[in-house]
Amino acid sequence: MESITEQELNERLKSKEELQFVFVTTPLCGTCKLARRMLMILEESAPAFNPLELNVNTAAGFANRWKIKSVPVLLVFKKGLGVERIYAFHSIAHLYEMLKPYVGKEGIHNLGEDKKGR
């Protein structure tokens with residue numbers, strides 16, 4: 001999972017990439033650490049699934065603009081527009097189901113094929 005600054009993230013969103021996942025977290029949050037491990041397992045099952053990680057402590061402007069209510073949260077952006085906020089990290093299976101609509105009929109395993117085609 002690649003860490004990113006607020007400025008870098010804003011630039012990526014302006015470029016309107018087809019699909020972008022952003023994991024918003026804080027370093028001292030225990031729930032965030034658990035959610036991060038779940039996302040890393042999903043990332044291992046689909047190497048092309050590379051969510052960005054943003055420390056909300058250093059991104060107050062982003063948090064205010066996108067009205068981040070709490071962390072952890074996984075934001076889904078399509079062409080620079082926020083389309084989903086996932087605050088509940090119940091299980092890996094739950095995350096898998098939540099991400100399915102964004103990664104095709106085959107589920108998260110199809111994500112690598114989607115990104116290669118860009």
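**Salt bridges and sheet packing in a predicted model**

The side chains of Glu53 and Arg36 come together in a salt bridge, with 3.0 Å from N to O, in what is a predicted model. This pair ties together distant parts of the chain, since Glu53 belongs to strand 3 and Arg36 to helix 2, 17 residues apart. The two partners can also be described by their accessibility: Glu53 is buried, at a relative accessible area of 11%, whereas Arg36 is partly exposed, at 26%.

Five strands form an open sheet in the order 1-3-2-4-5, and their pairing is mixed. In general, the strands of a sheet pair through backbone hydrogen bonds, in either a parallel or an antiparallel manner. Here, strand 2 (residues 20-25) and strand 4 (residues 73-78) run antiparallel and are joined by five bridges; within this pairing, Phe21 has Val76 in strand 4 as its bridge partner.

Two helices can be followed against these strands. Helix 1 (residues 6-14) packs on the sheet, where it touches strand 1, strand 2, strand 3 (52-55) and strand 4, and its direction makes about 100° with that of strand 1. Helix 2 (residues 30-45), which carries Arg36, lies across strand 2, strand 3 and strand 4 and runs at about 155° to strand 2.

The structure holds three salt bridges, and the other pairs likewise connect separate elements. Glu2 forms a salt bridge with Arg12, in which the closest N and O atoms are 3.1 Å apart; Glu2 lies in strand 1 and Arg12 in helix 1, ten residues apart. Glu2 is partly exposed, with a relative accessible area of 40%, and Arg12 is partly exposed as well, with 27%.

Glu18 and Lys79 also meet through their side chains in a salt bridge, at 3.8 Å from N to O. Glu18 sits in the loop between helix 1 and strand 2, while Lys79 sits in the loop between strand 4 and strand 5, so that this pair links parts of the chain 61 residues apart.

Technical notes
Residues numbered from 1 in each chain as written. Predicted model: local features only at pLDDT ≥ 70, side-chain atom pairs only at ≥ 80, totals over all residues. Heavy atoms only, no water. Pairing = 2+ DSSP bridges. Helix = DSSP H or I, 4+ residues; strand = E, 2+ residues; numbered from the N terminus. Contact = heavy atoms within 4.5 Å. Axes fitted to C-alpha atoms, helices over the stretch in contact; angles between N-to-C directions. Salt bridge = Lys/Arg side-chain N within 4 Å of Asp/Glu carboxyl O. Buried < 20%, exposed > 50% of the residue type's maximum accessible area, 1.4 Å probe, protein only.
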